[in-house]
Amino acid sequence: MVPTYNFENADVVVGIGAADFLGTWPGSTEYSYQYAQQRKLSKDKKQMSRHYQFETTLSITGANADHRTPIKPSQEGLVVAALYNQVAKLTGGAAINAPAIQVTNLDKAAKDLVAAKGRAVVISGSKDVNVQILTNAINSLIGANGKTIDFGAASNLKAGNDTAMAAFVQEVQQGKVAAVLFYNANPVYDYPTGKTFGENLQKVGLRISFADRFDETASLCEYVCPDHHYLESWGDAEPKRGYYSVIQPTINPIFKTRAAQESLLTWAGATNKNYFAYLQNFWRTNVYPQAKGAGSFENFWTQTLHDGVFEPKTVSASIIQPETQVNNSNTNDAARPLTQPTATPAATGSGVTFNADVNAVAAAIGQTYKANSNATELVLYEKSGIGNGDQANNPYLQEFPDPISRACWDNYLAVPKKMAVAMELVQGDLVKVEGKGYSIEIPVLIQPGQAEGTVALAIGYGREKAGKAGNKVGKNAYPFASLVNGTMSFVAPDVKISKAKGKWEIAQVQTHHTIMARPIVQEANLNEYQQNPAAGSFRPVVESSEGPKSPTEINIWKANGHKYLNHSWGMVIDMNSCTGCGACVVACNVENNVPVVGRQEVINRREMHWLRIDRYYSADPVPEEAGLIEKNRLLEEASANPEVVFQPMLCQHCQQAPCETVCPVLATTHSSEGLNQMTYNRCIGTRYCANNCPYKVRRLNWFKYHNNEKFDFHMNNDLGKMVLNPDVTVRARGVMEKCSFCVQRIQEGKLNAKKERRRPKDGEIITACAQSCATGAIVFGDLNDPETRVAQMWEEEQGKRGFRVLEEINVRPQITYLTKIRNKA
Amino acid sequence: MSHVVSPVREPLVLGGKTYADVTEDICRQVEAKPTKLWNIAFLISLVLLGIGMYSAYRTWWYGIGEWGLNKTVGWAWDITNFVWWVGIGHAGTLISAILLLFRQKWRTAINRAAEAMTIFAVLCAGTFILLHVGRVWLAYWCLPLPNTYGSLWVNFNSPLVWDVFAISTYLTVSLVFWYIGLIPDLATIRDRAKTKTARIAYGILSFGWDGAAKTWQRYEAVSLILAGLSTPLVLSVHTIVSMDFATSVIPGWHTTIFPPYFVAGAIFSGFAMVLTLMLITREVFDLKEYITIQHMDVMNKIIIITGSIVGVAYITEFFIAWYSGVQYEQYAFLNRMSGPYWWAYWSMMTCNVISPQLLWIKKIRQSVVATFILSIVVNIGMWFERFVIIVTSLHRDYLPSSWAMFYPTLVDIGDYILTFGLFFTLFFLFAKFLPVVNMAEIKAILKTSSDIQLEAHKPTVKAASHSEAQTRPAYNKDAE
Amino acid sequence: MEHNENKFLVGVYDDEDVVLSAVTNVRNNGVRIYEVYTPFPIHGLDEVLGYKRSGLPRVAFFFGLTGTTLALTMMIWMMGYDWPMIVGGKDFVAFPDFIPVTFELTVLLASLGMVGTFLIISSLWPGKKPLLFDSRCTDDKFIMAVDLGKNKLSADEITSILKNSGAVEVNTKIVEE
C-alpha cells in the first residue's frame with residue numbers, strides 16, 4: 001500500500017534513494033504543488049521548508065533540494081539506519097544495530113527533523129521492504145503520520161505486485177496459462193525477462209491484447225482488439241483512496257475501435273453490453289450514495305462531469321481494497337509493508353500506528369547493504385518526459401529535453417566526472433555495459449552530481465514496436481532490472497563498463513551548463529533574505545552626468561517609452577516555485593503548433609521550443625590568482641555535486657525590444673498592450689531579430705516542417721494534423737517564431753469579456769505554460785489591472801526579490817523573475 | 001596639355017608610348033579572338049558558377065536549413081561573405097573617386113578594372129542578400145513600395161533597410177560612374193571595329209560619343225561631381241554595413257569603432273583584391289608598361305596604411321573591452337582569443353596585422369610574387385575578420401545556456417563558390433569584351449610621362465617621332 | 001559663293017598642346033570653330049573655345065536637394081503619420097535612424113539626375129549615330145571642325161590658317177542631315 005503525502009505541511013523534507021517525488025513518482029504533480037506552497041516567500045511569508053535529498057543520480061527532486069548528498073544504492077539501507085539512529089538519539093529512543101556510515105548532511109537532517117516534529121517527513125524510494133519499514137519507523141518518531149503522510153488516502157496510482165507478476169511469468173513458461181488478456185500492459189518490452197517471456201507466450205492458448213497498435217506484446221498475440229483512445233473513452237478512476245474522477249470522451253472514435261470494457265462485457269455475455277450504462281449504474285450504486293446534498297443522480301452525474309472529480313466530504317473506505325485485488329496463492333506476506341491501516345481509516349489515516357521489529361529489520365539491512373562497496377552500481381531511472389516507455393512514440397515527449405541532462409531522443413549512460421576521467425571517456429564515447437547477463441553499447445554522458453562508483457541509465461527506451469517516432473530510439477534498460485526478495489529492483493549492483501568502438505552524439509538542447517559568474521540568475525539564502533528582502537540582487541547602475549541612474553531612467557528618446565494604457569500583459573516567474581519539470585514546455589508546444597524537428601536537427605541546435613527551462617550547475621570557486629583565461633575555463637566546469645537552478649526562459653516581450661528595431665519588413669513590432677508581436681506572414685527570414693535577441697528565444701523554420709517526409713511527425717499526415725491547434729497558424733519555411741504570450745488566448749479572453757460588456761478578470765486569460773504549471777511558478781496577467789495576482793506580485797517584489805534578466809542592457813522586459821532563495825542550514 | 005610633373009617622379013607609363021600605342025595595346029585584347037588561356041579561365045569560372053548554382057538551388061528550394069546555421073548562430077558564412085564582397089568593392093570606388101579628388105594620376109592604369117571589380121563584387125554581395133533570406137521570393141518587401149497590405153511600409157529604423165538603400169545606391173552610382181567612363185573608350189573601339197557585329201554592338205554601347213570638347217567639359221564636371229558624391233558614398237556604405245553589427249546589443253558587435261574600422265578594412269581588402277587581379281591581368285594582357293611596378297608600390301603603401309589602421313582598431317577593441325569592465329564584453333574578446341574559434345582569430349591577426357608589415361621592406365613591396373601572395377593572404381585574413389566578428393560574437397553571447405558551435409555545410413561552401421564563379425565569369429567577360437584600362441585617361445597623362453622618357457632617352461627617341469617638334473607648348477597653362 | 005551648307009573643314013592635329021594654342025590662334029584669326037574633337041579631355045580647351053562653365057554641378061545640387069526632401073518626407077510620413085507602429089520602444093519619427101537613408105537618396109538622386117541630364121543635353125543615348133568628322137578623334141588625333149556655312153572667310157583662307165596653327169592635315173567633309 002502506497003501512502004500519499006502532504007508536503008504543504010512539511011517544514012522539513014528528507015528524501016532517500018530514488019525518491020523523485022517532484023519528478024517521476026506517481027502523484028508528482030500534486031506533490032509539486034504541495035511542496036511549492038512551502039517554498040514560496042512573500043512579505044507575509046518569510047519561512048520556507050528545508051529539503052535534504054540523499055540520492056544516486058541527479059533527479060529533479062535532488063536538484064530542488066537545499067542539501068543534496070550523493071549516495072550509492074548499496075549504502076541506501078545504512079543511510080536510513082543511520083538517520084534512524086540519529087533521530088532516535090534526539091528523541092530519546094533506542095538505537096538499532098547497523099553498520100555505521102558517514103554521510104554528509106545526515107546529522108543536520110536528523111536535527112532538523114526532530115526540531116520540526118509533526119511537521120516533517122522522510123521519504124524513501126526503495127523497493128526493499130525493510131528499508132521502507134525503517135522509514136516508516138522514522139516517520140513515526142517524528143510524528144509524520146496523519147500530518148505529512150496520509151495512510152488513509154492511499155495512492156492507487158501504482159498497484160502492481162511484483163511477486164505475483166513473477167509467478168505469472170513462471171506459469172507462462174511452464175505452460176500453465178490457458179488465456180491471457182493484456183490491458184495497458186506491454187511486458188514483452190518492459191519486463192526484464194520480456195524477451196524470453198515473449199518466446200514463451202506461444203504456450204498460452206488464447207492471447208488477446210487491447211493495445212491500439214502492434215506493440216511488442218500485441219504483435220505476439222492472436223487477437224488484438226484495440227481499445228478506444230482515452231480521449232474517446234468513458235471511464236472512471238480513483239487515484240487516491242476516496243477521491244473519484246470520471247473520464248469522458250472529447251471526440252467520437254476515429255477508428256473502428258471498441259472500448260475494452262465493452263469487449264469484456266460482450267465476451268462475458270452481458271445482457272447490456274453498453275459500457276456507459278454500466279459505468280453510470282456503478283456510480284449510481286457505489287459513489288452517488290456518498291454524495292450528500294447532491295440532489296438527483298442526474299444532477300450529481302452532470303455536476304461530476306462538469307467538475308471532473310468528486311471528493312466526498314468524509315472519505316469512507318475505498319470501494320476496492322487493494323489487498324484483496326490479487327488473489328494469488330503465491331503472495332508473499334513479506335511483500336507487503338507491515339504497516340497496516342485500521343479497519344476503517346478516517347480521511348487522514350491518523351489512526352495509524354507503527355508496529356514492527358526494527359531490530360530485526362536493522363539486522364536484515366546490515367546483511368544487505370555495505371558502507372564501502374567497490375563495485376560499479378547501475379541505477380535504472382525514469383526520465384520525467386518519457387516515463388516507462390509506453391509513450392515512446394510521442395514525438396513531443398521524445399524531443400522534450402530531460403530537465404537534468406537537457407538531452408532528448410536518446411538514453412545514455414550517466415557517469416560521474418571522476419569515472420569518465422579515469423576511463424578517458426568524453427561525452428558521446430560508446431561504452432559496453434554488462435550486467436545481469438545482459439549487455440548494451442551506449443554513449444556516455446558526464447553527469448554532475450552522479451554518485452561516484454555509480455552509473456545511471458534511463459528505462460523507457462530501446463523500443464522495437466512503438467511506432468515510427470519511438471522505434472529504435474536508445475537502448476532497452478529493463479533487462480538490467482531483476483527481482484530481489486520479491487520486489488523488482490531497478491539497481492544492478494555490479495556492472496562492468498568497458499570502452500567500445502565509436503561514438504554516438506547525444507542530442508542536447510543545452511551544451512553549456514554553468515552560469516559563468518553572470519548575474520542572470522540571482523540567488524540568496526533564507527537567512528540573508530529574512531534580513532534583507534533584496535538579498536542576492538544585482539541592481540545595475542549606470543554612471544551618468546547626473547549621477548548614478550538605473551538603466552531604465554536613461555533614454556535618448558524624449559518620451560522614454562510608449563505607455564500602454566489599456567492592458568499590459570506581463571508575467572512573474574518565481575524561481576523558488578519552479579521545480580524544472582518542464583510541463584510548461586510541452587504545453588506550449590502543443591498549444592502553439594511548435595514543430596518537432598527530430599534528433600539530427602536537435603544536434604544541429606535547431607529545436608523549435610519557444611519556452612525552455614535552462615538548467616545551470618554551480619561551478620567550484622575559482623582561485624584568486626588564476627589568470628583571466630584560466631578563470632573562465634574553470635568557470636565552465638560544473639562541480640562534482642553541484643547546486644542546480646532552473647530558469648524558464650521565453651520571449652521577454654521587451655518594451656525596448658532589440659529584435660523589433662532591426663527587422664527590415666516590420667514583421668515584429670510592439671502591440672499597444674505590451675506584447676512583442678510576430679507577424680508570420682510578413683517575415684522574410686533575415687534572422688537579424690534572432691541574432692539581436694540577447695535571450696536567444698527566437699526560432700527560425702529552417703525547413704518546411706509540415707508535409708515533409710524528412711520530418712515525418714504529426715504534421716505529415718491527416719491524423720497527426722488533428723493534434724494542431726486551429727487557433728494558431730502553422731508557420732511556413734523561412735519564417736521566425738517565438739513565444740506570443742498565447743496571444744490567441746488573450747484575444748479570445750478579451751472577446752469573451754467584451755461580449756459580456758466587461759473587462760477580463762484575472763485568471764480568465766492564461767497562457768498555456770502558466771496553466772500547466774503545477775506549482776504556480778508562472779503567473780500571467782494584466783499588469784495594468786491592480787486586481788490581478790501578477791500586478792500585485794510585481795508591485796510587491798520591486799526592489800525586493802523581483803529582478804529582470806539582463807536589466808543593464810535596458811530592453812525593459814515584461815517578465816519579472818523572483819530571486820531564488822534556498823534554505824541552507 | 002602637359003601636366004607639370006616633377007622630373008624626379010618615375011614615369012607612369014613606360015616604354016615611350018604614343019597615343020596610338022595606347023589605343024593599340026588596350027584594344028588589341030578586345031578585338032582579338034579569345035586566347036586559349038582565356039578560354040580555360042572562363043571555363044573554370046563557369047564550372048564554379050555551375051557548382052554554385054546547384055548550391056543556390058538547394059538553398060532556395062529546401063531552405064536555410066541546408067546551411068550550418070542554428071538558433072544561436074543565425075548568420076555565419078552568408079553575412080561574412082556579403083561583407084567581404086562589399087568591402088572588396090570599395091577599393092574600386094576609392095580608386096576612381098577619392099584618388100581622383102586627390103589628383104593621384106597613377107590611378108588611371110587601374111581604375112577601370114577596379115571599378116569593374118567593384119560592380120562585380122557588389123553583385124556578388126547582392127547574391128548573398130538574396131540567398132540568405134528565408135523567403136527569397138518576398139525579398140522585395142524590403143522596399144517601401146505601395147501595396148495592398150495597408151500599405152505596409154518598411155522599418156526605417158533597421159540597418160538592413162539602410163543597407164538596401166546604401167547597396168542599391170552604391171551599385172547604381174558605381175555602375176553609372178563606370179559606364180560613363182567607358183563611353184569614350186567604347187567609342188574608340190567602335191571606330192576601329194572591323195566586323196559589322198562589333199560596329200553595331202559597340203555603336204549602341206558608346207551612345208554616339210564623338211569626343212566633342214563641350215561634351216568633354218560636361219563629362220569632366222560629371223566625373224568630378226560623381227567622384228565628390230562617391231567618396232562620402234563609399235564611406236557611408238561600409239559604415240552602414242558595419243551598423244548591421246554596431247547597432248545591435250550583442251557583446252562583440254555593440255561597439256562604436258566599427259564604422260571607421262570597417263571602412264579601413266574595406267579599403268585594405270579591396271586594394272589587395274585589385275592587386276591580385278591586376279598582377280594577373282598585366283601579365284596575361286602584356287600591360288606591364290601601363291600597370292607598372294610603381295603602381296604596385298603605391299598600392300602596397302596604401303595597404304600598409306589601412307592594414308595598420310585595422311591593426312590599431314583590433315588593439316583598441318581589446319583595450320576598451322578590458323577598460324570598460326563589462327564582463328560580457330571582456331568575455332567576448334577572451335573567447336575570441338582563446339575559445340573554440342581561436343584559430344580563426346589568430347589567422348586574422350597574422351594575415352591582417354603581421355603580414356602587411358612586411359611591405360615596409362622596399363624589396364618586398366616591389367616584388368610581384370611577394371605582393372601577389374600577400375594580397376591573397378590579406379583577403380584571407382579579412383574573411384576571417386568578418387567570420388570572427390560574426391560567429392564568435394553570436395555563438396557565445398549573454399546566456400550560457402544558448403552557447404553553441406557553428407560548422408559550415410557543403411552548401412555554405414557551395415554558395416561561396418557561386419560568388420567566385422559569378423565574379424570571375426563577369427570579370428573575364430569584362431576583360432575580353434571591354435577595355436581593361438581607361439585609354440582616354442592614360443592618354444591624358446601620357447604626355448608628361450613621355451616627356452620624362454623623352455628627356456631620359458633624348459638621343460634615341462628624338463629622331464623617331466615627329467610629334468616631339470611640338471613637345472614644348474607655346475604657353476604652359478598651369479596643371480589642374 | 002560656294003555652296004557651303006553642311007560643308008566642314010576638318011583640321012587634324014596630333015599634339016594636345018598644339019591644339020590648345022591652335023584654338024586661340026585660329027579664333028584670333030576670325031574663324032568660328034564648330035567644335036574640337038579629342039580622344040581625351042584637354043585641360044583648358046573649353047576655356048579657349050569660349051565655353052561657359054557647365055551647369056551640371058548645380059543640377060546635381062538641386063537633384064540632391066530633391067533626394068533629401070523626398071527621403072525625409074517619405075520616412076516621416078510613412079513612420080509618423082500613415083502607419084505609426086511601436087518599434088523597439090522608439091519614437092515614431094526616430095530622426096537619427098532616418099539619416100542613412102536620407103543621405104543615400106540624396107546621393108542617388110544627385111548622381112542619376114546629373115548623369116541623366118548630362119546624357120540628354122549632350123545628345124547621348126544607346127544607338128545614337130555619332131557625328132564623326134574624323135574617326136581618329138577617338139584614337140590619337142585632335143580634330144578641329146569648322147562650319148564653312150557659318151564662316152565669312154573662304155575655305156582656302158581657313159585652310160591656311162589651320163595649317164599655320166599646326167594642323168598636320170586639313171580635310172573637307174560634307175555632313176548629311
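This is a predicted model: local features need pLDDT of at least 70, side-chain atom pairs count only at pLDDT 80 or more; totals for chains, interfaces and linings use all residues.

1. On another pairing of β34(A), strand β33 (residues 802-803) of chain A runs in the antiparallel sense and is held to β34(A) over 2 bridges, with A:Gly802 standing opposite A:Leu818.

2. Elsewhere in chain A, 4 strands form an open sheet in the order β4-β3-β2-β5, with parallel pairing. Its edge strands are β4 (67-70) and β5 (120-124) of chain A, each of which pairs on one side only, and neighbouring strands are turned by 10° against each other on average, direction ignored. Within this sheet, strand β3 (residues 50-55) of chain A is joined to β4(A) by 4 bridges, and A:Phe54 has A:Thr69 as its bridge partner in β4(A). Helix α4 (residues 106-115) of chain A lies across β2 (12-16), β3, β4 and β5 of that chain, and runs at about 135° to β2(A).

3. The domain assignment divides chain A into five parts: domain 1 (2-71 + 73-154 + 346-368), domain 2 (162-226), domain 3 (230-253 + 271-330), domain 4 (377-508) and domain 5 (523-822). The centres of domain 4 and domain 5 of chain A, taken over C-alpha atoms, are separated by 32 Å, and 17 residues of domain 4 are in contact with 23 residues of domain 5. On the domain 4 side, the largest share, 3 residues, comes from helix α14 (residues 395-399) of chain A, and this side divides into 10 nonpolar, 2 polar and 5 charged residues.

4. Turning to the contacts between chains, how many residues does each of chains B and C bring to their contact? The contact takes 60 residues from chain B and 65 residues from chain C. On the chain B side, α1 (19-31), α5 (159-192), α7 (213-246) and α15 (439-456) each supply at least two residues, with the largest share, 16 residues, coming from α7(B). By class, this side of chain B has 34 nonpolar, 16 polar and 10 charged residues.

5. Between chains A and C, 14 residues of chain A are in contact with 7 residues of chain C; the chain A side consists of 5 nonpolar, 7 polar and 2 charged residues.

6. The largest nonpolar core has 424 residues, of which A:Leu134, A:Leu413 and B:Val274 touch the most other members, and its largest share, 16 residues, comes from α7(B). Leaving aside neighbours within four places in sequence, B:Val274 is in contact with B:Ala91, B:Ile110, B:Ala114, B:Met117 and B:Met299. A second, separate core of 5 residues includes A:Tyr244, A:Trp283, A:Val287 and A:Phe310.

Conventions. Residues are numbered from 1 along each chain as its sequence is written. Chains are lettered from A and ligands numbered from 1 in the order in which they are written. Two residues are in contact if their C-beta atoms, placed from the backbone, lie within 7 Å. Ala, Val, Leu, Ile, Met, Phe, Trp, Tyr, Cys and Pro count as nonpolar, Asp, Glu, Lys and Arg as charged, and the others, Gly among them, as polar. Two strands pair if DSSP finds at least two bridges between them. Axes are lines fitted to C-alpha atoms, for helices over the stretch in contact, and angles run from 0 to 180 degrees between N-to-C directions. Domain bounds come from an automatic or database domain assignment. A nonpolar core is a set of buried Ala, Val, Leu, Ile, Met, Phe, Trp, Tyr and Cys residues joined through C-beta atoms within 7 Å. A residue is buried if 20 or more other C-beta atoms lie within 10 Å of its own, exposed if 12 or fewer, and partly exposed in between; C-beta atoms are placed from the backbone.
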